[in-house]
Amino acid sequence: MPRHSKNNTASSVFTYHESKSLDYGTKKQRIGRDSYREYDACFLCLQTARDPVACTQGHLACRECIYESILLQKQNIQREQKAQEQKLKALEDQRLREEEEAKQTFLDEFEKTQTSMLGSRKKSIKEPSPVDKNPSSPSTPSAGIKRSFEESAKEAAQKDLEVTSERLANEKAEASKSKLGSFWLPSLTPEAAKQYKDEIKPVNTQTMCLATKDPHPVSIKSLIDVKFQYESETKKAQCPSCLKTLSNASKFSVMRHCGHVLCNACADMFVKKSKKCYVCEKKTKSKDIIDMSPEGTGFASGSKAAVAQKWDIAFQ
């Protein structure tokens with residue numbers, strides 16, 4: 001019997017096993033219980049948080065893990081800053097070399113013009129402009145303002161250097177252009193566009209919390225010491241007000257200043273009305289109640305999507 005008839009792909013109704021084995025169309029599957037991270041698990045090591053702390057958005061982590069993450073980020077920032085300083089220094093050295101080359105080229109051309117017997121001795125005859133014909137016109141500079149010879153010479157030299165530098169850059173660009181570009185031969189590989197100092201973006205020196213897809217700033221000073229209340233028998237966390245056991249299905253919050261964890265119902269009923277923590281009676285405003293409800297996504301990322309989808313190319 002051929003394989004096509006064994007798989008029964010010609011039928012309009014597939015069994016569960018056949019639909020799973022067939023790479024066709026869009027596949028959807030509800031995320032299982034094994035893919036969920038526990039409510040009290042660290043988002044970095046994925047184990048039960050030891051000495052738990054939370055960021056300003058309620059993401060739970062071990063103190064050691066979050067400290068290590070911040071330290072590694074700071075080391076990467078320092079490395080990027082050093083690399084950027086070296087890049088800026090290289091650009092500055094290149095600019096100085098180009099200026100020196102332009103000066104040398106300008107001096108060589110001037111010397112060649114002065115010493116050459118075939119230099120152009122004919123002066124270009126220019127027609128006098130209306131300003132030259134009428135010196136007393138208002139557009140002419142006032143006679144009272146006098147410019148020193150040094151200023152005029154410096155301005156003229158700077159202008160000549162700019163013209164020479166621009167001409168050298170154009171000549172180098174034309175010379176570097178190959179007649180037939182190729183990405184396989186190093187000598188014919190096209191060069192990238194020249195990068196200037198102003199185009200380099202500064203390094204972001206802020207350490208980030210990587211618990212979600214969109215990172216947000218975090219620092220050691222802004223971390224919140226989370227204080228769970230555990231049951232005496234099962235050693236599971238519970239709400240100190242209603243004594244309900246916390247789980248992935250629970251909605252709970254942490255107080256910013258004291259770190260006590262309450263379920264959202266008790267926080268709305270007691271904390272928001274009295275503006276005090278239910279456990280330690282410390283002043284707590286509504287903005288100091290940070291939601292820590294688990295998102296229930298799994299170990300891979302932090303998102304509220306509970307359905308996994310798979311797309312594949314269908315050949316018919």
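Reply: Happy to! A salt bridge is a side-chain nitrogen of Lys or Arg within 4 Å of a carboxyl oxygen of Asp or Glu. Please keep in mind that this is a predicted model.

Me: Which residues are linked in a network of salt bridges?
Reply: One of the bridges joins the side chains of arginine 63 and aspartate 51, at 2.7 Å from N to O. A network also takes in a further residue, Asp225. The residues linked in this network are Asp51, Arg63 and Asp225.

Me: Where do arginine 63 and aspartate 51 lie, and how many residues apart are they?
Reply: Arginine 63 is in helix H3, which covers residues 63-115. Aspartate 51 sits in the loop between S1 and S2. This pair links distant parts of the chain, and the two are 12 residues apart.

Me: What is the phi of aspartate 51 near?
Reply: Most residues other than glycine have a negative phi. Aspartate 51 is a residue other than glycine, yet its phi is positive. The value is near 50°.

Me: How many salt bridges does the count come to?
Reply: Among them is the bridge between arginine 95 and glutamate 99, at 2.6 Å from N to O. Another joins lysine 272 and aspartate 268, at 3.1 Å from N to O. The count comes to six.

Me: How far apart in the helix are arginine 95 and glutamate 99?
Reply: Both of these residues lie in helix H3. Each counts as partly exposed: arginine 95 at 36% relative accessibility, and glutamate 99 at 36%. Along the helix they are four residues apart, about one turn.

Me: Which helix holds both lysine 272 and aspartate 268?
Reply: Lysine 272 is partly exposed at 39% relative accessibility, and aspartate 268 is partly exposed at 39% too. The two are four residues apart, about one turn of their helix. That helix is H6.

Me: Let's turn to the rings. How is the pair of tyrosine 39 and phenylalanine 228 classed?
Reply: A pair of aromatic rings is described by the distance of the centres and the angle of the planes. For tyrosine 39 and phenylalanine 228, the centres are 6.5 Å apart and the planes stand at 80°. Planes over 60 degrees apart count as edge-to-face, so this pair is edge-to-face.

Me: How many residues apart in sequence are the parts that this pair ties together?
Reply: Tyrosine 39 lies in the loop between strand S1 (27-30) and strand S2 (52-54). Phenylalanine 228 lies in the loop between strand S6 (224-225) and strand S7 (229-230). The pair therefore ties together parts whose separation in sequence is 189 residues.

Me: Are tyrosine 39 and phenylalanine 228 buried or exposed?
Reply: The cut-off for buried is under 20% relative accessible area. Tyrosine 39 has 10%, and phenylalanine 228 has 12%. Tyrosine 39 is therefore buried, and phenylalanine 228 is likewise buried.

Me: Which residues do ring pairs link into a cluster?
Reply: Phenylalanine 228 also pairs with tyrosine 230 in a tilted arrangement, 6.3 Å centre to centre with 55° between the planes. Tyrosine 230 is partly exposed at 44% relative accessibility. The cluster is made of Tyr39, Phe228, Tyr230 and Phe252.

Me: Which residues make the nonpolar surface patch of about 360 Å²?
Reply: One of them is methionine 269, found in helix H6. Methionine 269 is partly exposed, with a relative accessible area of 48%. The patch is made by Met269, Phe270, Tyr278 and Val279.

Me: Which residues gather in a patch of positive charge on the surface?
Reply: One member is lysine 275, in the loop between helix H6 (264-274) and strand S11 (289-291). Lysine 275 has a relative accessible area of 52%, so this residue is exposed. The patch gathers Lys275, Lys276, Lys283, Lys285 and Lys287.

Me: What is the phi of lysine 275?
Reply: Lysine 275 is not a glycine, but its phi is positive. The value is about 55°.

Technical notes:
Residues numbered from 1 in each chain as written. Predicted model: local features only at pLDDT ≥ 70, side-chain atom pairs only at ≥ 80, totals over all residues. Heavy atoms only, no water. Patch = residues over 30% accessible without salt bridge, like charges linked within 9 Å, V, L, I, M, F, W, Y side chains within 5 Å. Areas by Shrake-Rupley, 256 points an atom, 1.4 Å probe, with all protein chains shown as cover. Lys, Arg positive; Asp, Glu negative; His and termini not counted. Charge placed at Lys NZ, Arg CZ, Asp CG, Glu CD. Buried < 20%, exposed > 50% of the residue type's maximum accessible area, 1.4 Å probe, protein only. Phe/Tyr/Trp six-rings, centres within 6.5 Å; stacked < 30°, edge-to-face > 60°.
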